[in-house]
Amino acid sequence: MHKVKTNNELNAKKIEVFDALKKSVKNIDSNTHLRGESIYVDDINIRQGTFFAVVFDAPVAHGKIKSIDYSKAEAVAGVERIFTYKDIPGENQIGGILPDEPLFAKEEIHFWGMPIALIVAESEFIARKARALITIDIEELPVITTAKEAKEKNSFINAPRSFGLGNADKAFKDCDYVFEGETFSNGQEHLYIETQGSYVEPLENGNLKVISSTQGPTAVQKAISKVLGLPMHKIEIDVTRLGGGFGGKEDQANPWAAMTALAAYLLNQSVKLILNRHDDLRMTGKRHPYESTFKIGLTKNLKIQAYKVEFLQNSGAAADLSPAIAERTLFHATNSYFIPNVATTVYSCKTNLPPNTAFRGFGGPQGMFVIESAIAKAASELGIAPRKIQEANLFQENDVFSYGQIAKQVEAKNTWNAAKNIFNVEALEQNIKEFNASSSNLKKGLALMPITFGISFTNTMMNHARALVHIYQDGSVGISTAAVEMGQGVNTKLLQIAAQFFSIHPEKIKIESTNTTRVANTSPSAASSTADLNGKALAKACEALLSRLKNIVTEEFNASKETIQLKDEFVYINNEKTALTWNELINKAMMKRVALTENAHYATPVIHFDKTKEKGHPFAYHVYGTAVFTATVDCVRGTYEFDDVKIVHDYGKSMSQGIDLGQVEGALIQGIGWMTMEEIAFNKKGKLLSNSLSTYKVPDIFSIPKNIDILPLETEGNEMAILKSKAVGEPPLMYGIGAYFAIQNAIKAFNPNYKLKFHAPMTPEKVLTSLYAN
Ligand code: MTE
Ligand code: HPA
Ligand code: MOS
C-alpha cells in the first residue's frame with residue numbers, strides 16, 4: 001500500500017519540513033491580518049482632492065438605449081463630471097480573448113448591470129445620490145438567460161470545440177450497458193471579501209499610477225492602455241495584496257481600473273472607485289452555469305468503454321475568459337478515469353447575463369460533475385455502489401488523456417487506495433447500512449470523489465514569469481515577481497524560497513508589491529501556477545546571485561567553488577564554518593563592484609498544445625487526490641450535515657504544510673458550497689435575485705463538515721513543481737463534488753423510488769422534494 005502520513009506523524013513531519021527549509025513557514029501576512037493592519041485598495045492614503053466614483057449601470061438585460069437624461073444628476077452639488085463612452089480617447093473595448101465587450105454601453109445593452117456611465121463626485125455618497133437621479137429610456141429586447149435557449153437561437157460566443165479519443169459512437173455498440181442523462185450545475189459568486197476597486201493617481205506628463213485589486217496587473221495595464229490610447233509605459237500598476245480573488249479578478253478587475261483611469265486622466269486628479277457589495281454582485285460575472293447531456297457505455301466488468309458529452313456553457317453577454325474555460329472543461333471531462341473512446345464538445349453560449357468568468361477550477365469542476373453524474377447514474381441503474389465503477393477505471397501510468405498527454409507519476413490509484421484503506425471505506429459502508437436500517441428519519445450516504453487536475457495555463461504561451469532580486473548592501477533582500485498575493489500564501493512561499501537558497505533569516509527578506517514597472521508582461525496569478533512559475537524564476541535569480549557571491553569566496557579563500565556553501569548566514573568551505581558572515585560577504589561584493597541585483601525569467605519547459613489537432617502535452621504535471629464523504633440527511637426537514645470528509649491529497653513534497661492545508665480546506669468548503677447551497681438566481685428578465693448575502697447562502701461555520709481529515713500522500717513530488725511542492729490552489733475545490741453524491745445516496749436510502757438528479761446545487765428544498773418524489 002502507498003504510504004500516507006497519519007495525523008500523529010504529521011506534527012513530526014511539520015518539524016521536518018520546517019527544518020529542511022530552515023525557517024518557520026507561518027504566513028507572513030498573519031500578523032497584519034490579525035491586527036487589521038493589512039492594506040487593501042480602500043485603505044490606501046489618498047491624495048488631497050481625490051474624487052470618488054460610482055458606476056451607473058443598465059436596469060434591463062437586453063435593449064436599445066433611446067435616451068438618457070443626466071441633467072438632474074449633473075446638477076447635484078459636488079458632482080464633478082459624468083463620463084460615458086463618448087469621453088473615451090482610445091477604444092471603448094475591454095475584451096480579453098475576443099474584442100466583444102465595450103467598457104461603457106453605447107446603444108445596446110446586453111446584461112442587467114452593464115456599465116453605462118461613471119459618476120465622479122466629491123464623495124461616494126454624492127455620486128450615489130446623483131446616480132439615483134439619472135433617467136434612462138430603453139426599448140427592451142428579448143432576453144436569453146439559459147444556455148439551452150441560447151443554443152436553440154444559435155447565440156454563441158465562438159465556434160464549439162471538441163476533443164476526441166478513439167471512436168465513441170462505434171464503441172457504444174459493443175458496450176454491455178449504455179446510459180444517458182442530463183446535468184445542470186449552477187454558477188457561483190466569488191464573494192471575495194474585498195470587492196472590485198481601484199485608485200488612480202495622475203503623475204506628471206500624463207502618466208498614471210494605478211492601484212488595483214487585480215490578479216492580473218498586466219491585463220489591467222493593457223486594458224487602460226487600449227481605453228486611453230496610451231502606450232503601456234505610461235501606466236504603472238501596483239498591487240499589494242487582494243482580499244481574495246478566486247478567479248473573479250483575473251480579467252474582471254479591468255473595467256473598474258479602466259474607468260477610474262479614464263476619469264483620473266481626463267480630470268488630472270486622483271479618483272477612487274470601490275464597488276459596494278450590491279454593485280459588485282450585480283455587475284460582475286460568476287462561475288459559468290453548465291447544462292450538459294451525457295452518454296456512458298460500460299462493459300460487464302464495469303470498464304467504461306465510451307463517453308460522449310455535450311457541454312452547454314452559459315457564457316453571459318461577452319466572451320471574457322469563456323473560451324479558455326470551455327477548453328479546460330474538455331481537458332477535465334473524464335476526471336481521474338481512463339476512457340479509451342471519448343467524444344466531448346463544448347458550446348460557449350451567449351446569453352444576457354453578466355459575462356461569466358474564471359472561478360477556482362476554471363471549467364474543470366463543471367466537466368468533472370458530469371462524468372461523476374454519469375457514473376452515479378450507471379451505478380444506480382445497475383444497483384451497485386458507484387465506487388465500484390470509479391475504482392475500475394482510475395488512470396494508470398502511461399494511460400493517455402483524450403488530449404494526447406501521456407499520464408506520468410500518476411497518483412490516482414495511490415490516493416484512492418490509501419483513502420479506501422486508511423479510512424476503512426468498507427467498514428464505513430457497513431456502518432452506514434446498519435445505521436440506515438435502524439433509523440427512519442435520519443439517513444446517511446457515502447460518496448468517494450477522486451480528482452485529477454492539470455497544472456499549467458492551458459494556453460502554453462502564458463506559462464512564464466520573472467523575478468527581480470535586490471540584495472541591499474546591508475545584507476537585506478527585496479524581491480519582486482509577478483505573483484499577486486490573494487490569501488493563498490504565495491508571498492510566504494516566495495520568501496521561503498529565497499530564505500532557503502541564500503540560507504538567511506526570513507526577516508532579512510521583503511516581498512515587494514506586484515508592480516508592472518519592476519516585473520513586466522506578466523501572466524495573471526491564476527491556474528494554481530503562481531508559486532511554480534514565479535518561484536522557479538526566483539530560484540533562478542537566487543542561484544545566479546549565489547554564484548557571483550561564491551566567486552568572491554573563491555578569490556578570498558582560494559577555495560574551489562563546489563566546496564563553498566552558504567549556511568545560516570555564514571560561509572562554509574568543505575562543510576566547515578568560516579568566520580565570514582552573509583553581511584560581510586555582501587559588503588565585500590559591494591567593494592568589489594559585483595552586481596547584487598538579478599532578474600531571471602522562467603518559462604515552463606516541455607509543454608505544448610496543437611489546437612488544430614486538439615492534442616499535445618499542455619500540463620507540466622497533474623495533481624491527484626481522493627475524498628470520502630459521509631452525509632446525514634434529515635428526512636423530515638430536508639436539511640443535511642456532513643459528518644466526515646476524509647481526504648488523501650497529493651501535495652508532492654509540500655514546502656508549506658500550514659498554507660497548503662489551508663488551501664485544501666478552503667477549496668473543499670468552497671466546492672461544497674457550490675454543490676450544495678450557493679444558489680444564484682436570475683429572473684426571466686435577467687435580473688439577479690440573489691443580490692445580497694441574505695439571499696445568497698455561502699457555507700458558514702455551522703455548515704462545514706463536523707470532521708475533516710486531510711492526509712498527505714507521500715510521494716517523490718514533481719520536478720516541474722517548485723521545490724517539488726505541487727500546486728494546490730484549485731484542485732481540492734473539486735472534492736466538493738463528493739458532497740453532492742453523498743446527499744444523493746442518503747436520499748436514495750430513504751426513498752428507494754428516487755431517480756438520481758444531477759441538478760446542482762442540492763439545496764434543502766430540492767432534497768425535501770426528492771425525499772418524497774415518486
Ligand atoms: N486562496 C485564497 N485565500 N484566496 C484566493 O483568492 N484563489 C484561488 C486559489 N486559492 C484564492 C485562493 C485560485 S482561483 C487560484 S487560481 C489560486 O489560488 C491562485 O494562486 P496560486 O497560483 O498561487 O495557487
Ligand atoms: N487557468 C486559469 N486561468 C487561465 C487559464 C487557465 O488554464 N488560461 C487562461 N487563464
Ligand atoms: Mo484561478 S480560477 O485560475 O484565478
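Which residue takes a positive phi in the hairpin of S9 and S10? Select Asn205: its phi is near 55°, and the hairpin has five residues between the strands. A note before moving on: this is a predicted model, where local features need pLDDT of at least 70, side-chain atom pairs count only at pLDDT 80 or more, and totals for chains, interfaces and linings use all residues. Residues are numbered from 1 along each chain as its sequence is written, chains are lettered from A and ligands numbered from 1 in the order written, and side-chain values use heavy atoms, leaving out hydrogens and water.

Now select 197-202, strand S9, which runs antiparallel to S10 and is joined to it by five bridges. (Strands are DSSP E runs of at least two residues, helices are H or I runs of at least four, both numbered from the N terminus; two strands pair if DSSP finds at least two bridges between them.) Tyr199 has Ile211 of S10 as its bridge partner.

Next, colour S10, residues 208-212.

Last stop: show H16 (residues 530-557) and H17 (residues 582-591), which pack at about 90° with axes 10 Å apart. H16 is therefore roughly perpendicular to H17 (65 to 115 degrees counts as that; axes are lines fitted to C-alpha atoms over the stretch in contact, with angles from 0 to 180 degrees between N-to-C directions).

Notes:
Angles under 35 degrees count as roughly parallel, over 145 as roughly antiparallel, 65 to 115 as roughly perpendicular and the rest as oblique.
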